[in-house]
Structures are given as C-alpha cells and as structure tokens.
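This report is meant for a reader meeting the structure for the first time. Please look over the sequence and the structure before reading on.

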2 protein chains.
Amino acid sequence: MRELENLNSCKSCVYNKLLFGGLTDEELDFFTEHKQELEFKKGEIISKEGAPITSFLYLKEGLVKLYKESPGSKSQIISIAKPLDFISLLSIFSNSTYKYNVAALEDTVVCSIHLDAFKKVIGQNGPFALEIMSKMSKMYDDIIESRFEINRKHLRGRIAFILLYFSNHIYHSDEFELPISRREIAELIEMTTENVIRILSEFRKDNIVQIDGKNIKLIEPERIESICKLG
Amino acid sequence: MRELENLNSCKSCVYNKLLFGGLTDEELDFFTEHKQELEFKKGEIISKEGAPITSFLYLKEGLVKLYKESPGSKSQIISIAKPLDFISLLSIFSNSTYKYNVAALEDTVVCSIHLDAFKKVIGQNGPFALEIMSKMSKMYDDIIESRFEINRKHLRGRIAFILLYFSNHIYHSDEFELPISRREIAELIEMTTENVIRILSEFRKDNIVQIDGKNIKLIEPERIESICKLG
DNA sequence: TAAATGCCATGATAAATATCATATCTAGGA
DNA sequence: TCCTAGATATGATATTTATCATGGCATTTA
C-alpha cells in the first residue's frame, strides 16, 4: 500500500459530482483536509475482518473483492466492487470493526475519508445523508438480490450468470479478461473449483464462449442469457 | 387490514425511545400527524413486490416474513422480521417500488409513517439520520451474514441453524411454537420441504428435539449448536 | 357430512454436485 | 536455472440433495 501525495482537492475531483452531489464548497474542503488517497497493488489486502473501521472508503480506480473467511471452510466472496462503489460500506454504520475482508483484484486507488469527518457531514447535511443512504441501500439490495438469484440456479446457470455479470456490469463488452481465478469464481457463486472449470469447458465445447486462460469471449450471449434464465 | 384509530401520539409511544432516540418533541408531533397504525391478520399481505413505496413501515407487534416470488420457481424467504424491525427497509431509499413481498405470520400491528415526512426529518436531523443508517446497516448485515452461513452448511446444519434462530433470536426459549410451516422453513433455508420434514424427524429420533406438530422443544441445545457449527 | 385441499410423513429412485485422483501447464522464488 | 506451488483440466466415484410416489391426518369448504 502506498499513500499518494495529497495534492488534489475534493472540489476538483472528477468523482465528487457523481458521488457527492449535494455538498457545499466548505464541506468539500473539509473532506479534502480529512481524506487520503491510497494505492494498492493487485493482491494486496485493503482491509481485514475484525480490524477497526476508521474511515469511509470508496474505490476510485481498480477492482476489489469483498470476502469472508471462516475457519475450516473455504472463503466466500460477497461481491466485487468497481470504481465509485463504497467498499467500507457494509458495517460502516453498524459496527466498529469490519465484518469481511477486502482485497485488490487489480492495481487499485482508494479514497479514504476519515470516518468522523464523514459522519459529521452526514449529520449536518440532510440531503447528503439521504444520498448516501440511497446508494448504500442499492448496494445492499444488489448483493442480496444476486445471492438469491444464484441460489436458485444450477451450476450451468450460475456460470452463465457470472459471465454475464462481468460482461454487462464490469466490462460492458462481450470480450474481457477475467479478473479472478476459477477458484475465486467458485467462491463467488457457491460451487467447487472443479465444477467451475468443467462447466466453462462445456461452454467452450458447445461453442458459446471462447476461452483462452483468463481471456473470455462470449460467442452467443443470447444463449448464455437463456441458460442463465433457465437456471 | 384494519386502520386503527389514531389515538396515540408518537410522543407517548413506548417504542419511540427504542427506535427514535434523538427526535425532538416537534419532530415526534410531526410523525404523529403523519403516521397510521395498521393491523393485519395472520396470513394477510402487508406489501407486494412492485407496489409503490409510500411509507416507512416498522413492526410494532407480531411477526412477518419478507419474501420473493419468481415465476416458475418456488418463493424464497429473505428474512423474518420481529417487533421493532423496519419492514419497508430494503428498497426504501433505493427504489420507488418494493423489491419483495411482506406477509403477516401472526396477527400484526404495523406503524406506517408517510415517506415524505420520514425523509423530511432525516434531512433535518443528522443524528437521527445516522441512527437510521446504523439500524438499516445492521439489518442488511444480518441478512447477508445469515445467507452466507446457510449456504456453507449441509441440510442438517441448516435445520439446526433455523431451530437455534427461533430459539435464540425470536422466542428466547428452548420451547416454542414454529410460526411457519415446513414448506416455509424450506423457502427460508434453501432446501426442499421433504428434506425439512425428514431431517426434523431425524432430530426427533435422535432425541435432540421434541416435536409435536409446530410445537418444538430443544432437548439438547448444545448438540444442536454443534451440528449447526459443523455444518 | 362428504369432498377437497394442504400439510406432514416416509421410502425409493434419480439427479446434481462434491470429492478424490491424476496430469499438465505456468509463474514466481531460491 | 531449476524447483515448487498453484492454477487449469478431466475422469471416476461417492455423497448429497431433489424428485417422485404414496398415504395419513387435519382443516376448510361445498
């Protein structure tokens, strides 16, 4: 992890309008004083389950995974966060320590705002509070929704689901490089690594995807959609 | 559904201190004007997926289930809400329509505060906003946590989990009456109705629970704990 | 009262999935 | 450079779970 020099003010930050629409100049200056940009290399741990929460974190660049490790069983990936997602989201208002781990899947830049400063502004700016609540709710809803969706599918449907997830929600293209290993896919969609590999092979043999290592190309997205829908 | 007469002010409501610690008298009066208590009989639907959200709802008395119905597959129960839980929670700040259904498992009293009024107070009272966010986060965290926990267990572990859930979190007793059918248990912990019945029978034969219809008595809670932990 | 419906119950069987074994390939470290 | 650990790959087998069939029981409805 590397702390970037604190050159940029939040006021000039291209993300502030997307994320923090309703803030005054004073509030943005206040955040500027209490923020820090952090850079993480691929594979680095950003936060750990059980560690105290001291800041509000959101992703500026890169890709991270939120995951849980439970003794004696495999780890489970809760979700993948992309730029502009809040990554210290779950737990931040409900717990003093993180309830899950966060690790960088790519080189990543995180903006870290000191928690007290963040809460102070929420407390004084109602519309901002509502905005954060709305974004928070959306993220929680998405996680819960996709958990239930994955659970009612069979293995082929789950693989179809995750391929479409990367294609539609992360890369916006039929062709992309998987940011995670087969094992991590397994941890994300509740199946074994062997079966992830097996079913990706099936899809390749059926000619609905091209696979070369981590490089994926969806040849027949419509068929993948229908496999996903059927479950 | 029956609308109760609006006799009680929020100021005198026994729940207000538990739920809404930081409100001024004026704000409580404001809520009194914009609230309505609703009574639902067991089995009644409180809100439906897709219906517009017009109020903030919380449970005063009774027990409800939050569930999703998806065409062509069984419904899935997301969670069970008990008194003081927010039931219009998910979606309320992120969507204009409900993302799931809510139905009463017992005779139930719901307090309904008009959404605009609720948002207005959040916007003007920062500590209250933080309080609501904290409670919201906790509920979301619990749902997500238990989803992941259920998913890494085998059937026996799931049954143990749900027995302990009712015992520890709902009834606070080793002896209780199940508020839901075997089919609903199945919808809640991701298994088939037959297997719920089968495994409850196994537990009965193994003498770790007494079962008489919906009446349950945990004979050996420690063994149930260990079955739950092992998965 | 009778019929019907839904819930509880159990067994037999089929299907889905995990586990185990093994092999190849690759990337990173000594 | 070689060596090792981990990722990918595939087959055989075992385990877990779902499905199907059937019946009893209770509760609602005609």
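## Salt bridges within chain B

In this model, which is a predicted one, the side chains of Asp85(B) and Lys82(B) come together in a salt bridge, with 3.7 Å from N to O.

Asp206(B) belongs to the loop between α7 (193–205) and β10 (209–212) of chain B, while Arg156(B) belongs to helix α5 (residues 155–171) of that chain, so the pair ties together parts that are 50 residues apart in sequence. Asp206(B) counts as partly exposed at 32% relative accessibility, and Arg156(B) is also partly exposed, with a relative accessible area of 31%.

## Salt bridges in chain A and in total

In chain A, a salt bridge is formed by the side chains of Glu220(A) and Arg223(A), at 3.2 Å from N to O. Glu220(A) is partly exposed, with a relative accessible area of 25%, and Arg223(A), at 37% relative accessibility, likewise counts as partly exposed. Over all chains, the count of salt bridges comes to 28.

## The contact between the chains

Chain A contributes 34 residues to the contact and chain B contributes 34 residues. The area buried between chain A and chain B is about 3200 Å², and carbon and sulfur atoms give 65% of that area. On the side of chain A, the residues that lose the most area to chain B are Met133(A), Asp141(A) and Phe148(A), which together account for 20% of what that side buries.

Two salt bridges are counted between chain A and chain B. In one salt bridge, Lys68(A) is paired with Glu145(B), their closest N and O atoms being 3.0 Å apart. The interface of chain A and chain B also holds 15 residue pairs in polar contact, with both residues of each pair at pLDDT 80 or more. Among the elements of chain A, β6 (76–81), α3 (115–124) and α4 (126–151) each supply at least two residues of the side that touches chain B, and the largest share of that side, 17 residues, comes from α4(A). Sorted by kind, the residues of the side of chain A that touches chain B are 14 nonpolar, 11 polar and nine charged.

## The fold of chain A

The secondary structure of chain A consists of eight helices and 11 strands. Its radius of gyration is 19 Å, close to the 17 Å that the globule rule gives for 231 residues, so chain A is as compact as a globular protein of that length. Along the principal axes, the C-alpha atoms of chain A fill a box of roughly 60 × 40 × 30 Å. Of the 231 residues of chain A, 55% count as buried, and among contacts between residues at least 6 apart in sequence, 72% join residues at least 24 apart.

## A mostly covered helix

Helix α6 (residues 182–189) of chain A is mostly covered, with seven of its eight residues buried, among them Arg182(A), Glu184(A) and Leu188(A). The buried residues of α6(A) pack against β5 (64–68), β6, α4, α5 (155–171), α7 (193–205) and β10 (209–212) of chain A. Just after α6(A), Glu190(A) takes a positive phi of about 60°.

How values were computed. Residues numbered from 1 in each chain as written. Chains lettered and ligands numbered in written order. Predicted model: local features only at pLDDT ≥ 70, side-chain atom pairs only at ≥ 80, totals over all residues. Heavy atoms only, no water. Contact = heavy atoms within 4.5 Å. Buried area = accessible area lost by both parts, 1.4 Å probe. Salt bridge = Lys/Arg side-chain N within 4 Å of Asp/Glu carboxyl O. Polar contact = N/O pair within 3.5 Å; in protein donor to acceptor, adjacent residues only side chain to side chain. Helix = DSSP H or I, 4+ residues; strand = E, 2+ residues; numbered from the N terminus. Nonpolar A, V, L, I, M, F, W, Y, C, P; charged D, E, K, R; others polar. Rg over C-alpha atoms; globule rule 2.2 N^0.38 Å. Buried < 20%, exposed > 50% of the residue type's maximum accessible area, 1.4 Å probe, protein only.
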